[in-house]
Amino acid sequence: ISPMHTPLKYGYPLQARAMTLHDIREYRRWHKNAAVRAKRAGFDIIYVYAAHDLSLAMHFLQRRRNQRTDDYGGTLQNRIRLLREVLQDTKEAVGDTCAVALRFATEEFLGEDGVHNAEAKEIVHHLADLPDIWDVNVAAWYNDSLSSRFGAEGYQQPFTSWVKQITNKPVVGVGRFTSPDTMVRLIREGALDMIGAARPSIADPFLPRKIDEGRIDDIRECIGCNICVTGDMTQGMGRCTQNPTMGEEWRKGWHPEQMNVKGKSENVLVVGSGPAGLEAARALSERGYDVAIAEADTMIGGRVTHERKLPGLSAWGRVIDYREYQISQKPNVET
């Protein structure tokens with residue numbers, strides 16, 4: 001089902017049919033029932049989703065998908081109607097104990113065919129204090145998850161920082177925030193109330209704790225390589241360049257920060273100081289081995305020492321920097 005008769009995305013040989021008013025009532029009922037089930041399951045925050053070009057609530061906002069001539073199409077006020085109704089339904093159903101958050105894409109970079117900043121500002125004005133939390137980003141997924149090669153840290157800020165000026169409710173923002181300094185600055189400037197850090201939390205699940213404890217140099221800072229995204233796009237296992245335990249915690253019992261104690265051996269030789277060699281040396285030293293790293297070059301880091309100098313890839317150097325700092329603190333590692 002869709003606002004209009006339309007082919008499905010991603011090349012599937014299927015067609016969505018235009019929703020009748022009965023379909024819209026049913027969709028609202030389904031969404032409300034889902035929210036109630038989530039509340040019963042013990043969730044504290046229930047999301048209404050109008051982002052990433054994924055949901056009906058967003059499709060009704062888009063001119064290219066919604067050319068209806070009834071009360072749900074045409075003017076912006078009409079195109080907002082379904083999103084407003086779903087928000088109200090959700091708050092009435094679960095709002096006594098759960099916060100209702102709205103994930104909202106403020107820019108699709110498609111001009112008048114998509115949601116764009118000028119129109120998004122009108123939408124936020126119309127719905128300003130209806131959600132309990134605004135969670136804002138750009139769409140679609142490929143714009144929201146830019147790699148460091150194509151987007152700097154906080155690249156979404158020009159398209160989302162204005163939301164907090166319109167609503168009195170808390171605002172969460174994303175954009176591959178990896179630096180604690182950047183995060184704190186945005187909070188102090190009043191651009192955001194909370195930082196959303198998905199990829200940075202994959203790279204280091206203990207990011208907030210390390211900031212709180214002042215252990216800034218111990219943060220495995222996301223390099224924005226997007227190998228985590230490729231796992232999602234290919235329906236495969238997630239991976240992380242900075243955090244080799246990612247996706248293996250449940251399967252192999254690996255912990256990002258806790259190592260098994262060493263075996264009977266005392267000494268380990270690691271040949272080569274590329275990313276794998278440095279990670280092996282770091283992990284083995286944590287386990288209690290005396291580690292010797294043999295490197296033929298005059299610098300450690302392997303191929304990354306050259307890759308980090310390429311345009312847009314300076315962030316990749318964090319793979320070396322983090323591990324070089326960690327092993328420099330270990331009396332049982334020699335290079």
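1. Strand β8 and strand β9 (residues 290–294) run parallel and are joined by five bridges, where two strands are taken to pair if DSSP finds at least two bridges between them. Helices (H or I, at least four residues) and strands (E, at least two) are DSSP runs, numbered from the N terminus. Within this pairing, Asn267 has Asp290 in β9 as its bridge partner. This is a predicted model, in which local features need pLDDT of at least 70 and side-chain atom pairs count only at pLDDT 80 or more, while totals for chains, interfaces and linings use all residues. Residues are numbered from 1 along each chain as its sequence is written, and side-chain values use heavy atoms, with hydrogens and water left out.

2. The two strands belong to an open sheet of three strands, in the order β8-β9-β10, with parallel pairing. The edges are taken by β8 (267–271) and β10 (333–334), each of which has a single partner strand, so one side of each is left without a neighbour in the sheet. Helix α13 (residues 275–287) lies across β8, β9 and β10 and runs at about 165 degrees to β9. Contact here means heavy atoms within 4.5 Å, and axes are lines fitted to C-alpha atoms, for helices over the stretch in contact, with angles that run from 0 to 180 degrees between N-to-C directions.

3. Another open sheet has five strands in the order β3-β4-β5-β6-β7, again with parallel pairing. Its edge strands are β3 and β7 (194–195), and because each has a single partner strand, one side of each is left without a neighbour in the sheet. Strand β6 (residues 171–173) pairs with β7 in the parallel sense over two bridges, and the bridge partner of Val172 in β7 is Met194. Helix α3 lies across β3 and β4, running at about 170 degrees to β3.

4. How many of the residues of strand β5 (residues 133–137) are buried? Five of its five residues are buried, where buried means under 20% relative accessible area, exposed over 50%, and partly exposed in between (1.4 Å probe, protein chains only). Both faces of β5 are covered, with Ile133, Asp135 and Asn137 on one side and Trp134 and Val136 on the other. The strand pairs with β4 in the parallel sense over five bridges, and Phe104 stands opposite Val136 in β5.

5. Asp204 deserves a separate look; it is found in the loop between α9 (198–203) and α10 (207–212). With a relative accessible area of 0%, Asp204 is buried. Its side chain reaches the backbone nitrogen of Phe206 at 2.9 Å, and a polar contact of 2.8 Å joins the side chains of Asp204 and Lys210. A polar contact is a pair of N or O atoms within 3.5 Å; within protein, one must be able to donate a hydrogen and the other to accept it, and residues adjacent in sequence count only if both atoms are side-chain atoms. Leaving aside neighbours within four places in sequence, Asp204 is in contact with Lys210, Asp218, Ile219, Arg220 and Glu257.

6. A search of the whole structure finds three aromatic pairs, for which rings of Phe, Tyr and Trp (its six-membered ring) must have centres within 6.5 Å, with planes under 30 degrees apart counted as stacked, over 60 as edge-to-face and the rest as tilted. One of these is the edge-to-face pair of Phe60 and Tyr72, at 6.2 Å centre to centre and with 75 degrees between the planes. Phe60 and Tyr72 both lie in the loop between α2 (56–59) and α3 (76–94), twelve residues apart, and both are buried. The rings of Phe109 and Phe159 have their centres 5.0 Å apart and their planes at 85 degrees, so this pair is edge-to-face. Phe109 lies in the loop between β4 (99–105) and α4 (117–127) and Phe159 in helix α6 (residues 157–160), so the pair ties together parts that are 50 residues apart in sequence. Phe109 is partly exposed at 40% relative accessibility, and Phe159 is partly exposed with a relative accessible area of 25%.

7. Arg81 lies over the face of Tyr72, at 5.9 Å from the ring centre; a charge sits over a ring if NZ of Lys or CZ of Arg is within 6 Å of the ring centre and within 35 degrees of the ring normal.

8. Asp44 is placed in the loop between α1 (21–40) and β3 (45–50) and counts as exposed at 57% relative accessibility. Not counting residues up to four places away in sequence, Asp44 touches Thr97, Cys98 and Ala99.
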